Amino acid sequence: MAPGRVTPLLVATGISVTGDGAFLAVAPLLATSLTRNPLAVSAVTAAFYLPWLIAGLPAGALVDRWPRRRVMITADLLRAAVLAALTALLLTGHASVPVLLTAVLLVGVAGCFFDASSQAVIPTLIGRDKEALARVNGRYWAIDTVGRSLAGPPIGSATFALSRVLPFAGDAASFVLSAICISRLPVMPPAGSSQPLTAAIRDGLAHLRATAELKVLAGSMAAYNFAYNLAMAPFVLYATGALHVPDVDYGILLAVAALGGIATGWRAAPLTRRLTYRQTMAIATALQGVAWLGIAAVPNAYATGAFLAVIGAASALTSVAAGSARQALTPDHLLGRVVSAFRLFGIGAAGLGALSGGVVAKQAGLSAPLWAAATLLALAALVLRPWQRRNSG
């Protein structure tokens, strides 16, 4: 592995995801300053999930057709331009909820192209050795967690309190800096050839279906995300109600989960060295199930913090296993499409899980989603059959 070859990508990721974390936090705040309509405010949050559902698969197919470094730079500059335009509209008093929704969607669509490209270039830069992939993917997701969950949201909230323009201008600047970092990567030619878009998407999905290990991992990732959001969507009500966690301390619980993910991601290579991808995924799935079971069985804020750290660690292992498996088991010319398919299934399952969590909590009580998630994850871990070593990982 040549560490220097991937360093610009990791630096760019750290910069841009911190801006993303800030944007994720302040967009709903801006929406509430523009309207008091709950539906309109909720639509802004929902808009963060829509791009992968409507543009994820086409983005993956185009990423495989175009030079990936150029795609990432273009995506960064487009995001910077959109946020600069939003900043200008805020300064002139012309911002509105439809304008904000449009900005969120455009930034998200560009993010589909950037994320698929950034994951696809990793094996091009470092090769397909299992431990090297685990090391880089672990650091990639640890950096992502730091920026998106720890640094970005408080920076966004703090700057928004000073001026509602500052976080959006800062996010635009972060994407320009990210583009500069990406420009330091070596030039890479297109991985695939031009073909009709629908045919290209079908080829990517066909590879996913035909590769047993990837198909299993994609399904288990969907189950993992469904269960996580089933429990997490109404969790704030459980934490502030049953656990009596003050509102101001709720963010600390989430930060503890992020710290568990960061520490585990940074040590992913030695932790997964003797495990197959399937075994890593099964362990992560089981760990999340045990943690939700513990939170439900031991209604104590400190114990909950410890269990959330376990969930953060499990999420990091899941991302490393899925990312490394995709990169190791997918030809370069199909990798963007397979990354996008994983994200599509994972985000779709997350949305369904969140909706299900609300329904279960309303019908059976706030602890019911925790028990339901633990049960589902136990079944998913068994379905993975981790005792069978079926892949070269």
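Author: L77, V176, L177 and I180 make a nonpolar surface patch of about 340 Å². This is a predicted model, in which local features need pLDDT of at least 70, side-chain atom pairs count only at pLDDT 80 or more, and totals for chains, interfaces and linings use all residues. Residues are numbered from 1 along each chain as its sequence is written, and side-chain values use heavy atoms, without hydrogens and water.

Reader: Why is L77 called partly exposed?

Author: The relative accessibility of L77 is 43%. Buried means under 20% relative accessible area and exposed over 50%, with partly exposed in between (1.4 Å probe, protein chains only). L77 therefore counts as partly exposed.

Reader: Which helix gives the most to the nonpolar patch, and where does L77 lie?

Author: Helix α7 (residues 166-182) gives the most, with 3 residues, while L77 lies in helix α4 (residues 68-91).

Reader: What makes a space a cavity, and how many are counted?

Author: On a 1 Å grid over the protein atoms alone, a cavity is a set of points where a 1.4 Å probe fits but cannot get out, and its lining residues have an atom within 4 Å of a point. The count comes to 3 cavities of 30 Å³ or more. The largest cavity has a volume of about 60 Å³, and α14 gives the most to its lining, with 3 residues.

Reader: What is the volume of the second largest cavity, and which helix gives the most to its lining?

Author: The second largest cavity has a volume of about 50 Å³, and helix α3 (residues 50-65) gives the most to its lining, with 3 residues.

Key:
Patches are made of residues with over 30% relative accessible area and no salt bridge: like charges are joined within 9 Å, nonpolar side chains (Val, Leu, Ile, Met, Phe, Trp, Tyr) within 5 Å. Accessible areas come from the Shrake-Rupley method with a 1.4 Å probe; for residues, only the protein chains shown count as cover. A salt bridge is a side-chain nitrogen of Lys or Arg within 4 Å of a carboxyl oxygen of Asp or Glu. Helices (H or I, at least four residues) and strands (E, at least two) are DSSP runs, numbered from the N terminus. On a 1 Å grid over the protein atoms alone, a cavity is a set of points where a 1.4 Å probe fits but cannot get out, and a pocket is an open set with protein on both sides within 12 Å along at least five of seven lines; lining residues have an atom within 4 Å of a point. Grid points are joined across faces, edges and corners, and a volume is the space filled by probe spheres set on the points.
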